[in-house]
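Please read this briefing alongside the sequence and the structure shown below.

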Amino acid sequence: PAAAPPPTAAPPLGAMQPPPGAMQAAAAMRPTGGGVFGGVPVSDAPVADASSAPVPLTSDARLQLSVSKTAGASAAELAIGLRSSGAPLRSIAVALDVPLSLRLSLSPPAPPASGQVSGPRCSITELHAAGATSVGASVTCATAAAAAEQHLLGQVSYTEALSGASHILSFQLPLKPSDLLR
């Protein structure tokens with residue numbers, strides 16, 4: 001008779017399994033070059049479901065972008081996350097191109113990152129090495145045309161603090177009607 005396998009211990013905190021469907025969602029988020037914004041190919045990464053964990057949008061060797069979404073009382077609330085991959089970054093600009101059928105309101109990042117909002121653009125002075133911050137976006141319908149899927153095109157530009165080299169990351173955020181209608 002074979003001995004029963006030993007009981008397994010609970011996984012350590014932080015080592016929990018992803019929610020059901022997360023692996024399929026991650027596979028579906030590979031950039032597909034769904035369009036061009038400012039001459040740079042954009043990612044067609046889907047926005048995660050309500051009250052979601054951050055979903056990767058795009059990245060390069062220095063900066064990773066993600067988005068999480070929650071259903072607010074009167075708007076879709078997005079948090080566009082920025083994480084430095086180890087080098088300090090300066091003059092970070094997050095810009096969103098909003099269709100006429102939507103209204104957008106941005107919120108600057110919380111301290112220690114300092115930022116200013118002007119319309120659909122948020123400027124962040126710097127992001128420390130291995131630092132992270134997020135820019136909030138509240139999106140609502142402005143016209144009945146928002147009953148169809150909408151797409152926010154976004155671009156993040158930044159300068160490497162040490163070399164002075166400039167970089168641009170572009171992305172696309174699809175929003176379903178159910179995300180927008182309250």
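Five strands form an open sheet in the order 3-4-5-10-7, with antiparallel pairing; here strands are DSSP runs of E of at least two residues, and helices are runs of H or I of at least four residues, both numbered from the N terminus. Its edge strands, each pairing on one side only, are strand 3 (55-59) and strand 7 (102-107), where pairing requires that DSSP finds at least two bridges between two strands. This is a predicted model, in which local features need pLDDT of at least 70 and side-chain atom pairs count only at pLDDT 80 or more, while totals for chains, interfaces and linings use all residues. Residues are numbered from 1 along each chain as its sequence is written, and side-chain values use heavy atoms, with hydrogens and water left out.

**Pairing within the sheet**
- Strand 5 (residues 76-84) pairs with strand 10 (residues 132-141) in the antiparallel sense over eight bridges, and Ile 80 stands opposite Val 135 in strand 10.

**The nonpolar core**
- The largest nonpolar core has 30 residues, and those with the most contacts inside it include Leu 65, Leu 82, Ile 92 and Val 156; such a core is a set of buried Ala, Val, Leu, Ile, Met, Phe, Trp, Tyr and Cys residues joined through side-chain atoms within 4.5 Å.
- Leu 65 lies in strand 4 (residues 63-71), and it counts as buried because its relative accessibility is 3%, buried meaning under 20% relative accessible area, exposed over 50% and partly exposed in between (1.4 Å probe, protein chains only).
- Leaving aside neighbours within four places in sequence, Leu 65 is in contact (heavy atoms within 4.5 Å) with residues including Leu 57, Leu 82, Val 156 and Phe 171.
- With neighbours within four places in sequence again left aside, the contacts of Ile 92 include Leu 82, Ile 124, Leu 127 and Val 156.

**The chain as a whole**
- The secondary structure of the chain comes to two helices and 12 strands, and 35% of its 182 residues count as buried.
- Among contacts in the chain with a separation of 6 or more, 63% join residues 24 or more positions apart.

**Confidence**
- The chain averages a pLDDT of 76, and 70% of the residues score at least 70, pLDDT being the predictor's confidence in each residue, from 0 to 100.
- Confidence is lowest in strand 1 (residues 35-37), at a mean of 34, and highest in strand 6 (residues 89-97), at 96.
- Over residues 5-50 the pLDDT is below 50, although this stretch has 56 contacts in the model beyond near neighbours in sequence.
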